[in-house]
Amino acid sequence: MNRNSNTYTFLYATILVVVVAAALSVAALGLKGPQEKNIEIEKKLSILSSVGKDRGVKEAASKNDFVETAYGKYIVESFVVDGNGNRKEGDAFRIDIAEEYNKIKAVITAKEEDKQSLRAQLTLPVFVCKEDDGAVKYIIPVRGVGLWGPIWGYLSLNDDFNTIFGAVFDHKGETPGLGAEIATKAFSGQFTGKKIFDGEVLTAVKVVKGGAPKGDLHAVDAISGGTITSNSVTDMLRDCLEQYKAFFLNGKLKIEN
Amino acid sequence: MEKEPMFSAKILKLFTDPINKGNPITVLILGICSALAVTVKLEPALVMAVSVTIVTGFASFIVSILRNTIPNRIRIIVQLVVVAALVILVDQILRAYAYDVSKQLSVFVGLIITNCIIMGRIEAFALGNKPWPSLVDGLGNGAGYGLILVIVAFFRELLGSGTVLGFQVVPESWYMKNGGFYENNGLMILPPMALIIVGLIIWIQRSFNKQLIEK
């Protein structure tokens with residue numbers, strides 16, 4: 001057959017593409033199991049590290065076993081709430097936070113009279129951690145937009161629904177050495193002990209450029225050279241905590257009265 | 001026609017040449033972008049080196065097998081399909097079995113497709129040679145690329161983070177925050193420093209290999 005004819009060229013291209021597509025589909029399907037497992041383990045590890053239960057994971061012989069065991073031991077319950085503080089049906093672990101974040105953005109930009117109904121559509125996950133001494137922590141996911149891409153994290157609160165017990169942040173592609181520092185313990189460790197409420201007003205926690213005032217319970221230090229990422233963390237915490245406000249306030253008032 | 005032995009001196013030279021005198025990065029100045037991007041830490045650089053070596057090797061091998069059937073008019077596209085398929089495979093495998101590293105490499109695994117070394121070797125070598133020499137040539141070029149990556153990453157990680165392969169090498173007590181005199185060089189983490197290190201390697205290499213110096 002003439003190798004320069006149109007028929008040959010078309011046939012060749014078609015066969016090549018079909019063969020390659022088939023081979024890749026087989027590979028993708030075959031590797032799906034371990035890939036999904038990796039994502040699940042990473043999520044569980046993030047949840048655990050927000051309550052400081054990731055200690056020892058680096059030394060563990062099997063990361064997967066360590067995470068599964070610790071998760072099973074400490075995360076005793078998880079449930080879903082909407083933006084008005086009501087419980088909802090759903091599997092908290094399977095909720096796609098990226099999708100939820102889009103809904104949160106819609107709530108924030110909506111008109112005041114529409115907010116109530118939009119909030120009712122939110123499905124916000126809450127994970128409950130029970131420490132060895134019986135203390136209960138509530139863990140919530142947060143998500144926002146950084147300088148170069150999405151940033152996200154998990155925040156754990158004491159059972160007063162006010163004091164932050166721990167935080168962990170991660171990012172897709174913030175600048176190494178600058179914005180990317182939000183993923184370090186040095187940054188996230190500052191959040192421990194901060195408070196998200198002032199009375200009944202949600203203050204969240206601000207990341208302050210030039211350093212937070214000493215003793216300020218609602219602010220932490222920003223990262224030098226990472227101003228936009230730092231501001232993004234402030235926005236992320238404000239926007240996400242705002243949606244959980246009703247739920248937290250219910251819990252908080254129940255304890256106080 | 002006499003059959004050439006599997007590991008003749010000529011075949012061996014195909015492998016060793018690109019590691020030194022024909023190095024894709026320092027002599028041909030190909031594949032620089034990824035060399036700057038993935039060399040902050042040694043571990044991702046090693047994985048990248050292995051991935052690129054596998055892709056160049058097998059892409060050259062497969063294209064060489066197909067070389068007498070490929071229609072000339074869609075030659076480049078056919079090569080791209082082969083390379084892209086291999087890269088996607090590598091990406092999927094890394095995601096399944098080396099998840100943490102694949103996260104650090106992020107888009108750069110996918111961007112192996114655009115690595116000039118691969119297409120360069122296919123066009124220049126695999127299209128005109130038998131599968132076995134093509135495979136060796138591809139692997140050699142991948143190894144030459146990988147070697148530079150590892151050297152650059154070693155210095156960047158050591159001086160920029162004080163670690164090698166994640167292990168702390170610079171004693172903690174040296175650091176200023178612990179009352180010492182030492183501080184990691186933040187500039188090392190940024191891409192420009194990789195370019196400077198590559199430049200230094202080129203300088204050293206040329207001072208040993210006078211024939212590489214242009215008149």
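These legends walk through a few close-up views of a predicted model.

Residues are numbered from 1 along each chain as its sequence is written, while chains are lettered from A and ligands numbered from 1 in the order in which they are written. Because the model is predicted, local features need pLDDT of at least 70 and side-chain atom pairs count only at pLDDT 80 or more, though totals for chains, interfaces and linings use all residues; side-chain values use heavy atoms, with hydrogens and water left out.

**View 1. Where chain B meets chain A.**
Here 24 residues from chain B and 22 residues from chain A are in contact (heavy atoms within 4.5 Å). About 2,000 Å² is buried between the two chains, and carbon and sulfur atoms give 62% of that; buried area is the accessible area (1.4 Å probe) that two parts lose on being put together, summed over both.

**View 2. A salt bridge across the interface.**
B:Lys103 and A:Glu42 join their side chains in a salt bridge, 2.3 Å from N to O. The rule (a side-chain nitrogen of Lys or Arg within 4 Å of a carboxyl oxygen of Asp or Glu) finds two salt bridges between chain B and chain A. On chain B's side of the contact, α4 (75-97) and α5 (99-105) each supply at least two residues, and α4(B) brings the largest share, 10 residues. Helices here are DSSP runs (H or I, at least four residues), as are strands (E, at least two), numbered from the N terminus.

Most residues other than glycine have a negative phi. A:Phe161, in the loop between β5 (150-157) and β6 (164-171), has a positive phi of about 55° without being a glycine. A:Ala204, also not a glycine, has a positive phi of about 55° and is found in the loop between β8 (201-202) and β9 (206-208). Are these two buried or exposed? A:Phe161 counts as buried at 7% relative accessibility, and A:Ala204 is buried at 2% (buried means under 20% relative accessible area, exposed over 50%, partly exposed in between; 1.4 Å probe, protein chains only).

**View 3. The largest nonpolar core.**
This core has 46 residues, and B:Ile25, B:Met48 and B:Leu105 are among those with the most contacts inside it. A nonpolar core is a set of buried Ala, Val, Leu, Ile, Met, Phe, Trp, Tyr and Cys residues joined through side-chain atoms within 4.5 Å. α4(B) gives the largest share, nine residues. Leaving out residues up to four places away in sequence, B:Leu105 touches B:Val38, B:Pro44, B:Val47, B:Met48 and B:Leu94.
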